[in-house]
Structure formats: C-alpha cells, structure tokens
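Hi there,

Have a look at it first, then read on.

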Amino acid sequence: MSREINDVDRVVKAFAAYIGLERGLSENTRVSYLFDIEKFIAYLAQGGIMLRDVTPEVLQEFIAALHDLGIAPRSQARIISGLKSFFRFLCLDNYLDINPTLKLETPRMGKHLPEVLTVDEIDAMIAAIDLSTPEGRRNRAIMETIYGCGLRVSELVNLEIGKLFLNDGYLVVDGKGNKQRLVPVSQIAADEITDYLVERENLDIKPGEENIVFLNRRGHRLTRQMIFTIVRRLASLAGIRKEISPHTLRHSFATHLLEGGANLRAIQQMLGHESIATTEIYLHLDSTRLREEIIMHHPRNL
C-alpha cells in the first residue's frame, strides 16, 4: 500500500535528502534537479493535478509546454533526467506503485561543435595580461592552468595547494561527482603557478581559504563568474570577436591535443569525461576544420 503523498513540500525535502546521498551527482546537478521539480509541481498545481495522479500523458504535456516556451533540448533533457530521478525516488519510498516516467523519452540533440581558439589567439590573450597590476600574475597563472590542463571552471576555482605536485608535473583535480584525477601540468603552467603563489602570500587570506590556489584581492576564492569576466575581458583586449567562455579554453585544449596526435582515450582521462562518447565530439570538430581547410586551399576550389 502506497504512503500518503499529500504533503508535497515534505516529499520534496525527502527527495532533496535522497539525491544528496546519490553518488556521482554534482552540487550543480542537485540544485538544478530541485529547481526543475519545483517548477513541475507548480505546473501541476496550475492544472489542478495531484502528484499521485501524474500519468505519462501529463508528463508529455509538460515537456511539450517546455518546448513551446523555447526551452533548449539540452535543458529539456536535464529536466527529464530530474523527473526520472524524482519519480524513481517516489516509487522506492513507496509513495507510488507505478513510475510514469519509464517510457519518457529524452529529446534528440544534434552534435554541437564548440567554438575553438587557435594557439595564436590564446597566446594573444595571455600577452594582453597586464603584469603590472596586482591581479596580473594571478590571471596569467589562471590562463595557463585552465588552458594547459583543460580544467572545468569549477575545478579551477576549487583547486587546492595541497593537490599541486608541480615538481612532479601534475595536479590532482576534484572533478564531477567528487571523482579525482591526475592531470599533467606543463612547465610553463607550473612556473606561472609558482610565481603567483609567491605573490599570493601577501594577501590577507580569509579563514577556510588557506588551501585554495586562486584568490581575489580580499583573500576569498574566485567565483565562476569572475573567471568568465577575466577570460572575456582578455579576449576583447586581444581583438577576438568569437563568443567564448572559460569552457572554450577547455575545448581548445582538447582540440589542440587531438590535432597534435594525442590518443582519444588519453584526452578522455585528462578531461575527466565519464564516457568516451563525450570526448568523441572533438573528432567531429577536427574533421569539420579539416574539411574547411581543404575547401579553402584545394586548387579545385580556388
């Protein structure tokens, strides 16, 4: 016999505790799931539908409403993933007998080829850094680290001094789902980090941030948004008109490795991709750029 499901707020809190214990979910994913579930419950309330009465048809109508609102397929897929987790929890905790999401399909997404910078463009961004400013040495170390190691923004802002093994040529990175991986670090990046750490000692470092590598002038760790601002400002100073973000540097890192002959499995490990299929997008990217080069330079096309 199913448990009562009338107290929706209590059920959502129980779900929050449940996904907090699920291994492999990042904090961003957990926050997104809860946000999406609250939106779904608001949708149900607007239509006078009780949670226990949700059917596959109701779910399909909700997804259709998302499509009509212009929600991108990738965001729809995340919402569907959250709904599946939510209803799986309801069944596991005996709130429901039947899971209405079992046949709910994720929208198909075409392969999105990310923007990539050339080596010259990255060099121009690094050259645009004003080393006479207090943040100049830090920003140079940030650029060399995020590009030279292919880090995610979250991995960069949470990078710890105790996980730098610069003399041995690698970093220990806490990736998605708190999974650690070893990432090789170039001598250039290692030197820039070392130089920055000397200047970092002059900061008034706030309690709890003593082991964080990259800090702002007030001694706090940098935010994701601050990294976005730094990268986009440097792109503007370098005269780059592409729409880029810190993730563009990660894409560029992987693409340049592939162009240089690196093994796809090695790139997968360095990027911390769970599946090789995620890394394979760089094969498509590489072949697309190759085709453009052929069209541009082949004598039959001149």
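Strand β2 pairs with strand β3 (residues 180-184) in the antiparallel sense, over 5 bridges. Strands here are DSSP runs of E with at least two residues, helices are runs of H or I with at least four, and both are numbered from the N terminus; two strands pair if DSSP finds at least two bridges between them. In this pairing Leu-171 stands opposite Val-183 in β3. The two strands make a hairpin with 5 residues between them, and Gly-177 in the turn has a positive phi of about 65 degrees.

Before going further: this is a predicted model, where local features need pLDDT of at least 70 and side-chain atom pairs count only at pLDDT 80 or more, while totals for chains, interfaces and linings use all residues. Side-chain values use heavy atoms, with hydrogens and water left out, and residues are numbered from 1 along each chain as its sequence is written.

On its other pairing, β2 (residues 170-174) runs antiparallel to β1 (residues 164-165), joined by 2 bridges. Leu-164 has Leu-171 as its bridge partner in β2. This hairpin has 4 residues between its strands, and Gly-169 in the turn has a positive phi of about 85 degrees.

Now the helices: the axes of α1 (residues 8-21) and α4 (residues 73-92) come within 10 Å and cross at roughly 105 degrees. That makes α1 roughly perpendicular to α4 (65 to 115 degrees counts as such).

Best wishes

Key. Axes fitted to C-alpha atoms, helices over the stretch in contact; angles between N-to-C directions. Parallel < 35°, antiparallel > 145°, perpendicular 65-115°, else oblique.
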